[in-house]
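Biologist: I'm new to reading models like this one. Please pick a single part, look at it closely with me, and then show me what else is around in the chain.

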Amino acid sequence: MKHRSATLCAALVVSAVAALSGCSSEGDPVSFAPKQSAKPEESKASDVLMPTHPREWTTQRELPDGTRVVRTDLAGPKSGFTGRVWAWVPKQYGKPEYKDSAFPVLMALPGAVGYPTNYFFSKEFRLQERIGEAADKGESLPFIVVMPVLNANKDTYYDGSDIPGQPKMGTWISDDVPDLVRENFRTYADPKGWGFFGSSSGGYVGMKMVLQYPERFSVAIAGGPDAAPDSPLWNGHPKEKQENSPAWLAEELIKKSSPTPSSSPTSGLKGTPKSSPASTPASTPASGATGSPKSGSKVAISFLMGTKEPKQEVAALEKLRKEITKGPIETRVTSFEGGHDGYKYTDTLFNGDLKWMSDRMRGPVAAK
């Protein structure tokens, strides 16, 4: 699907670049440095992580409610890759009653190449405005939205992975960008404070991240993702490619989370029926097996699929979903009228999926 979305992405990049101009506040410096830091004992008593090294950001565009989409260039210390990151904090973030509270983070990843920009910051998508409106209605948490570039250049894509001999774009997404967020904003240490929304290749990377790092991220909404890695840069590296496959990552997560035989109340009993994820309707959430996972990890993935998506790719994704929906992994499918379209995925996000995500994540807590 990454290949088919290239034309769409090109159009979206043009519109996003157009959004770089025409705003009176564009270029204004913005800092999110706390006016007053939490006392050390307060920080130790909770999993609220206070900013450690706030930087000055540049204003990208200003919203009607006074909030701003900002940007900065990040030289990733772990990946070695330098790229641009956009961010937005909701109006609740600056209210006095939330000054000691963490906020959930939503990393929004674009489709196709996703370089040198990320179209989700643009006014065409109104992602930030719509999240703010949904939060006011109680239909969404007030997310911090973070929008990094997805790939290292305009020539190809990296499957959100550290492909041998290539820029470490997996580490960029899994480590460098979250570290930047923690340096600048109040966040949760709990993985339920971190989630992804992605379109096409961005959806694939978000899905892959929650399966690969369940101790860091807990929820992904994936619009029309691939079912397996397909970057041409994997040629000559079959083992590494397999180890970055959602199917392989899910299998490993399920193994690590499975209760030991002795802890299962039905262990050794003959004729005990077993539930099958394949029997779960695609339109409803599919919960995992009974029993608490040893690792305590639980992740949730929602697949957004258009009725006009290629049948072969839909079948591959449904096969993957049925295989991985067990143990600590919850999945669901939301269908919509249309094809492989970033705008459609975004519209569908606000037709129940953002609420579904919010119900599985942690929101800010106002002071009493």
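Modeller: Two strands pair if DSSP finds at least two bridges between them. Helices (H or I, at least four residues) and strands (E, at least two) are DSSP runs, numbered from the N terminus. This is a predicted model, with pLDDT of at least 70 needed for local features and 80 or more for side-chain atom pairs, while totals for chains, interfaces and linings use all residues. Numbering starts from 1 along each chain as its sequence is written, and side-chain values use heavy atoms, leaving out hydrogens and water.

Let's zoom in on S3, which covers residues 56–62. On one hand it has S1 (residues 29–31) as a partner: three bridges join S1 to S3, and the two run antiparallel. To find that pairing by eye, go to Ser31 and look across to Glu56 in S3, which stands opposite. S3 is also joined to S4 (residues 68–75), this time by four bridges, and again the strands run antiparallel. Here your landmark is Thr59, with Val70 of S4 standing opposite. So what sits between S3 and S4 in their hairpin? There are five residues between the strands, and Gly66 takes a positive phi near 95 degrees.

Now zoom out. The protein chain has nine helices and 12 strands. Of its 368 residues, 52% count as buried (under 20% relative accessible area, 1.4 Å probe, protein chains only).

Two helix pairs deserve a stop. H5 (residues 201–212) packs against H7 (residues 246–257) at about 25 degrees, with their axes 9 Å apart (lines fitted to C-alpha atoms over the stretch in contact, with angles from 0 to 180 degrees between N-to-C directions). That makes H5 and H7 roughly parallel to each other (under 35 degrees). Tyr204, Met207, Lys208, Leu211 and Gln212 of H5 meet Pro246, Leu249, Ala250 and Leu253 of H7 (heavy atoms within 4.5 Å).

The other pair is H3 (residues 127–136) and H9 (residues 342–359), whose axes come within 11 Å and cross at roughly 20 degrees. Those two are therefore roughly parallel to each other as well. On the H3 side you'll find Leu127, Arg130, Ile131 and Ala134, and they meet Thr346, Asp347, Leu349, Phe350 and Leu354 in H9.

One last thing about the whole chain: among contacts between residues at least 6 apart in sequence, 77% join residues at least 24 apart.

Conventions: Buried < 20%, exposed > 50% of the residue type's maximum accessible area, 1.4 Å probe, protein only. Parallel < 35°, antiparallel > 145°, perpendicular 65-115°, else oblique.
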